[in-house]
Amino acid sequence: MKSVAINGYGTIGKRVADAVSAQDDMKVVGVSKTKPDYEARMAVEKGYDLYIAIPEREKLFNQAGIEIAGTVDEMISNTDIVVDCTPGNIGPENLEKYKKIGVKAIYQGGEKHDLTGLSFNSFANYDDSYGKDYARVVSCNTTGLTRSLKPIDDLCGIKKIRAVMVRRGGDPYQVNKGPINAVVPNPPTVPSHHGPDLQTVMYGADITTVALLVPTTLMHQHNLMVELENDVPLDDVIETLEKRSRVLLLSAEEGLGSTAEFMEYAKELGRSRNDLFEIPIWRESLNIVDGELFYMQAVHQESDVVPENVDAIRSMLEIEENNEKSIAKTNKAMGIF
Ligand code: NAD
C-alpha cells in the first residue's frame, strides 16, 4: 500500500484525496491547508490528517478548534509521493522542498511544463512517467482534448487539429472571477497556450487553438476540426469513441443539448460533488466533411483530471506498468464509465 500526501486541499486536491482513498493500492497520509476554513474543518471531519502549510498559523487553527497533525514539511517527509494541488505558480518553491526531502511529486496544469520537463496523460504517455520523480498532469482543457483526440489518432492518424476553446469564467465558488456579461478573447492573440500544452503529451501533434472566456462556471466547451491522415467511415470514429472509457457520447436529442444539461445528467449519476470525470461529446456534432472530422465536447473542469492523477501515481511509483490496467482499476474504483 503506497502512501500519498495531498498538498493543497482545494477544488482539485479534495477530489484527488477522495479518489486515492477509493483505491486499494494507495492511501492518503495527509492533506494540507493554509487557512482554517470550512474545507479544513471538513477534511478533518472526513478523517484526513490535516497538515498546515504556514506553521505560524497553528494558533489560528487551534482557535478555530480544527485539529492539526503537523506541518507540511512533516507530511511530505512521511509519504511515497506528494500530489501538489496548490494554486498555479507555487510549484517552483515547493519543488525545492520535495527535492531536498527526496520525495516524488505530481503537479497540476496551472504549473508550467518546464517545471518538471514531463507532462502526463493516462491515454497518451503513461509509460514516460514510469518510475520518474516529477511530472505534471496536464490541465483540464488539455486532458479533455487528449481524451478524444488520442483514440482518433490511434484509429486513423491525425494530420492537423484546429480547436476553438470556450472557457468557463471561473469555478462555481469563485465569486470574484468573471466575465459577468461579456465574451472575452483570452488571449486575444492566436494561438492560445492549449495547443503547445497538448504537444507535451501528444508529441508532434499539429495543433492550433484559439480561446474565449464566457460567463459560465459549469464547464468548458471545445469545438474541434481535425484533418484525418487516413479516410475512415464516420461510424468507425463513433464506435472508437463509444468503446473508449472516460469519453461519453451524449445526445442533444435526448435533452442533453447544453453544458447545463450535462451537469444535470451528472447530478443524476449521483456521484460525490456531482462530478463528471468523463469527457462528454455531442453525438450529433460528429461529422466528416472532405476528410475533416468535426465535433463538439465539454469538460467538467473541476473533475476530469482527477482519475489522471491516480494513474500518474501508479506510473511514477511503479505500481502498474500498463496504462490500460491502471485506467481500468481507477475507473472501477471511482465508478467511471
Ligand atoms: P484552489 O484554489 O481551489 O485550491 C488550492 C488549495 O491550495 C487551497 O485550498 C489553498 O488554501 C491551498 N494552498 C494555497 N497555497 C498553498 C501552499 N503554499 N501550500 C499548501 N496549500 C496551499 O485551486 P484548484 O482549482 O484546486 O487548482 C489547483 C491546481 O490545479 C492549479 O494548478 C490549477 O491550475 C489546477 N487545475 C485547476 C482546475 C480547476 O478548474 N479548478 C482544473 C484543472 C487543474
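Asp 128 is partly exposed, at 31% relative accessibility, where partly exposed lies between buried (under 20% relative accessible area) and exposed (over 50%), with a 1.4 Å probe and protein chains only. The structure is a predicted model, in which local features need pLDDT of at least 70 and side-chain atom pairs count only at pLDDT 80 or more, while totals for chains, interfaces and linings use all residues. Residues are numbered from 1 along each chain as its sequence is written, and side-chain values use heavy atoms, without hydrogens and water.

Asp 128 sits in the loop between strand E7 (119-120) and strand E8 (134-137); helices (H or I, at least four residues) and strands (E, at least two) are DSSP runs numbered from the N terminus. Together with Asp 127, Glu 318 and Glu 321, Asp 128 forms a surface patch of negative charge. Such a patch joins like charges within 9 Å, from residues with over 30% relative accessible area and no salt bridge.

In helix H5 (residues 91-101), the buried residues are Gly 91, Asn 94, Leu 95 and Tyr 98. They lie on the same side of H5 because they cover an arc of only 110° around the axis. The face of H5 turned away from that side bears the exposed Glu 93, Glu 96 and Lys 100.

Helix H9 (residues 234-243) has Val 237, Ile 238 and Leu 241 as its buried residues. Their arc around the axis is only 95°, so they share the same side of H9. Exposed Asp 235 and Lys 243 are carried on the face turned away from the buried side.

**Salt bridges**

The whole structure contains 25 salt bridges, each a side-chain nitrogen of Lys or Arg within 4 Å of a carboxyl oxygen of Asp or Glu. Three of them are tabulated.

| Pair | N to O distance |
|---|---|
| Glu 264 and Lys 267 | 3.2 Å |
| Glu 242 and Arg 283 | 2.9 Å |
| Arg 15 and Glu 302 | 3.7 Å |

Arg 15 belongs to helix H1 (residues 11-21) and Glu 302 to the loop between strand E16 (292-299) and helix H11 (306-316), so this pair ties together parts 287 residues apart in sequence. Arg 15 is buried, with a relative accessible area of 6%, and Glu 302 is buried at 11% relative accessibility. By contrast, Glu 242 is partly exposed at 44% relative accessibility, as is Arg 283, with a relative accessible area of 31%. Glu 264 and Lys 267 are three residues apart in helix H10 (residues 259-269), and therefore separated by about one helical turn. A network of salt bridges links Asp 25, Arg 147, Arg 246, Glu 308, Asp 311 and Arg 314.

Technical notes:
Patches are made of residues with over 30% relative accessible area and no salt bridge: like charges are joined within 9 Å, nonpolar side chains (Val, Leu, Ile, Met, Phe, Trp, Tyr) within 5 Å. Accessible areas come from the Shrake-Rupley method with a 1.4 Å probe; for residues, only the protein chains shown count as cover. Lys and Arg count as positive and Asp and Glu as negative; His and the chain ends are not counted. The place of a charge is taken as NZ of Lys, CZ of Arg, CG of Asp or CD of Glu. The arc is that of the directions from the helix axis to the C-beta atoms.
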